Amino acid sequence: MHILIIPGVTMPTVEDSLLARIRETAGPGVRITVAKSAAEATAAMEDVEVILGTITPEMFARAKKLTWVHAITSGADSYLFPEMVNSEVMLSGDKGLVGTHLADHTFALLLSLTRRLARAVQDAPHSWKNRVAYRAEEFELEGRTMGIVGFGGTGRQIARRAAAFGMTVIAVDCDPVPPSPEVPVVWGSDRLDELLRTADVITSGLPLTPHTRNLFDARAFALMKPSALFVNVTRGEIYDANALMAAINNGKLAGAGLDVAPQEPLPSDHALWKTPNVIMTPHTAGASQFRISRNLDRFCRNIALYRAGKPLEGQINKRRGF
């Protein structure tokens, strides 16, 4: 078995301890290559069987023996180019393992809006003279309704935190997924409009797929309450930035907390930076001190499952995109 490891943003270095674990799990005869660049990865592809890391169409075109890729990014969309989707190569990753820190970031953005933290930080030494204005705008989450679109790992973790803040939680999902203590009944996608009309906060637990791209468009924002907040930490392409800005500027939506944008990096002169009551972070919600260790633990478990011919943990349906 030849395993190619391709470091990236979430796994910038490869520790010797990881290599030792992989060798122990994969057994005698395993060969491990750690690529220091995309060029090195492409050059090594011809006899690679397993990849831990990212893969490009150029790399894939050189693959002759590839059977399994384990992603080190939470979203699968960058892996789903046509050649990969139409192949028999399996794709797995940290699906279901990233919900805790994405949910933490969701609430960091949300509380920055509801408690006017972002404005106070921006006003800095001038914040004291604006404290009366802040206090007039601040509100509690207690008793409000959290609406979660996409009730997978991230959505479930958001629900746990929302319930702890005393919120009522409703959720929709395209699949008949199990409920949770916080969401006794998960609505189908046919009730998305009802969720948008009902919720005080709308959050996303969605991956990027052809069905979710621009899901939050002018029509979706028009259905939301004028007092509602939109928070998105998953994929920027699931919302229309122009429609979001128009809704906020026209008083049809109260504000938004965003970790992702449809275009990244967002140009410094983009109007979204100046839209009132919008706060943004630079696609950092996926960071956690535990993230890579959780995913590498899964990868090592998956090596054993792969050798035994059993289903992999965190396997992604390439046709559906998640």
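Which residues is Thr 234 in contact with, leaving aside its neighbours within four places in sequence? I looked this up first. I found Ser 204, Gly 205, Leu 206 and Val 260. Contact here means heavy atoms within 4.5 Å.

Before going on, I noted the ground rules. This is a predicted model, where local features need pLDDT of at least 70 and side-chain atom pairs count only at pLDDT 80 or more, while totals for chains, interfaces and linings use all residues. Residues are numbered from 1 along each chain as its sequence is written, and side-chain values use heavy atoms, with hydrogens and water left out.

**Thr 234**

I placed Thr 234 in the loop between strand E10 (229-232) and helix H11 (241-249). Helices (H or I, at least four residues) and strands (E, at least two) are DSSP runs, numbered from the N terminus. Thr 234 is buried, at 10% relative accessible area. Buried means under 20%, with a 1.4 Å probe and protein chains only. I then checked its polar contacts (N or O atoms within 3.5 Å; within protein, one must be able to donate a hydrogen and the other to accept it, and residues adjacent in sequence count only if both atoms are side-chain atoms). The Thr 234 side chain reaches the backbone oxygen of Leu 206 at 3.1 Å. It also meets the side chain of Asn 232, at 2.9 Å.

**Asp 200**

Next I turned to Asp 200, in the loop between helix H9 (192-198) and strand E9 (201-204). Is Asp 200 buried or exposed? Asp 200 counts as buried, because its relative accessibility is 13%. Its side chain reaches the backbone nitrogen of Thr 145 at 2.8 Å. A polar contact of 2.9 Å links the side chains of Asp 200 and Lys 225. Not counting residues up to four places away in sequence, Asp 200 touches Arg 144, Thr 145, Lys 225, Ser 227, Ala 228 and Leu 229.

**Nonpolar cores**

I looked for nonpolar cores, sets of buried Ala, Val, Leu, Ile, Met, Phe, Trp, Tyr and Cys residues joined through side-chain atoms within 4.5 Å. The largest has 44 residues, and Ile 55 and Leu 66 have the most contacts inside it. Several elements give two or more residues to this core, including strand E1 (2-6), helix H1 (16-26) and helix H12 (291-308). H12 gives the most, with five residues. I also listed contacts of Ile 55, leaving aside neighbours within four places in sequence; among them are Met 45, Phe 60, Leu 66 and Val 69. Another core lies apart from the largest one. It has 33 residues, among them Trp 187, Leu 208, Ala 228 and Leu 258.

Definitions and conventions: Buried < 20%, exposed > 50% of the residue type's maximum accessible area, 1.4 Å probe, protein only.
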